[in-house]
Amino acid sequence: MSGLVLTLAAARALHLAAQGLTRPRRGKAVKADLLEAIRRMGALQIDTIHVVARSPYLVLWSRLGDYPQAWLEQLLSEGALFEYWAHEACFLPIEDYGLYRHRMLDPAAMGWKYSAAWMEQRGAEVAAVLAHIRAHGATRSADFARGDGQGGAWWAWKPEKRSLESLFTAGALMIARRHNFQRYYDLAERVLPGWDDARMPATAERERALLLKSVKALGLARASWIADYFRTKGARLDPEILVGEGTLLRARVEGWDEPVYLHPEHLELAGRAAAGALASSVTTILSPFDPVVWDRRRALELFGFDYRLECYTPAEKRRYGYFSLPILRRGALVGRLDAKAHRGAGVFEVKSLALEPATRPSARCAADIAGALRRLAGWHGCALVRLGQGVPQGFAAALGANLGTDLVADLGADLGEDAA
């Protein structure tokens, strides 16, 4: 037992430090930094919505600043990463493949991600998809022509897409590479040659490894937070057992009844946090699928941030917008913005921006957020930042003063077809 007692502010600082969100980055990132960031988080969640950059790219930008997005696909095609179901669909470090292999061997336990009925009833079609890949190499879903006359929405996948996804969940196929974010499926033995299931960790070893990785990635963790990180809800390992062994440490956060757990590698960092010597000076924009906020309950308990993604909510019922992005400022989640990158027009549109009730809209706050917006817009190739009617008038003026009149477009500017 470490005996450490943390304030809530110190707990937040420790969490952000573990996530690589303590200090603004100095100097340009290199490709190895992307891999290190993913290893630090343990998983990089995939989502395809791209009103701004797709989520995995944005999560990395929040930590690394500007970098070429192609590096992520390169790490995948080079074999440093693989894709599988972790928190959800994720890019994962290849050295962790064995920790997920058991899920592939029991795909029926993966719920909607695998259809046992489909695999049994459409066996000949599934076999034909496998034979095509075996003969022709890595294949996209788009390489199979649709013949059933239905649309291509995710809930109405064409038969070959359903087969590809089920074979992927079962581990028969892996993602060899991506191009324009489209997956190329290939035989697992070609993507990861030499893998032997004899190398797969035993259940107890796997559960221990994922629990430790969860706590390390979180910086500190309540017991109730741990299973969500890598979706290990069926695990039977009690963190108190690891405390008894010395492989986890126990600490306390002021005002919380239950303990929190620390990874021993974070002991020095936790000591600095407890002494008030650790603080985040980062102001950045987060993805809705960033590990800091992907567990909505944890975000509420740790940051007091009641967050909901509203892209699946009817437009008339949305409060903050289609794809609201959390704003992280100096250790706190201070607001959220709904934005859209109009790349063709070179305009980054801030449709709305709402500050949390506890956030004081000071000049320094406006300067910090304006700097983050300017950097994010520039990374999207947008020279102009357009502040929409959803930005409170007084704060919009403060933002505009920091952005500079040459960077703030007229609110009535016509964005043309790209605005749709």
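What share of the 420 residues in the protein is buried? Buried residues make up 54% of them. The model is a predicted one.

**Overall build**

The protein has 16 helices and 13 strands. Its radius of gyration is 23 Å, close to the 22 Å that the globule rule gives for 420 residues, so the protein is as compact as a globular protein of that length. Along the principal axes, the C-alpha atoms fill a box of roughly 65 × 60 × 40 Å. Consider the contacts with a separation of 6 or more: 65% of them join residues 24 or more positions apart.

**Surface and charge**

The charged side chains number 54 positive and 47 negative. The centres of these two sets lie 3 Å apart.

**Aromatic pairs**

The count of aromatic pairs comes to 13. One of them joins Trp61 and Trp379, and this pair is stacked. The table gives its values.

| Feature of the Trp61–Trp379 pair | Value |
|---|---|
| Centre to centre | 5.9 Å |
| Angle between the planes | 20 degrees |

Why does this pair tie together parts 318 residues apart in sequence? Trp61 lies in helix α3 (residues 55–64) and Trp379 lies in helix α15 (residues 363–379), so the pair links parts with that separation. Trp61 is buried, and Trp379 is buried too.

Ring pairs also build a cluster. Its members are Phe82, Tyr97, Tyr100 and Trp195.

Key. Residues are numbered from 1 along each chain as its sequence is written. This is a predicted model: local features need pLDDT of at least 70, side-chain atom pairs count only at pLDDT 80 or more; totals for chains, interfaces and linings use all residues. Side-chain values use heavy atoms; hydrogens and water are left out. Helices (H or I, at least four residues) and strands (E, at least two) are DSSP runs, numbered from the N terminus. The radius of gyration is taken over C-alpha atoms; the globule rule is 2.2 Å times the number of residues to the power 0.38. Buried means under 20% relative accessible area, exposed over 50%, partly exposed in between (1.4 Å probe, protein chains only). Contact means heavy atoms within 4.5 Å. Lys and Arg count as positive and Asp and Glu as negative; His and the chain ends are not counted. The place of a charge is taken as NZ of Lys, CZ of Arg, CG of Asp or CD of Glu. Rings of Phe, Tyr and Trp (its six-membered ring) pair if their centres lie within 6.5 Å; planes under 30 degrees apart count as stacked, over 60 as edge-to-face and the rest as tilted.
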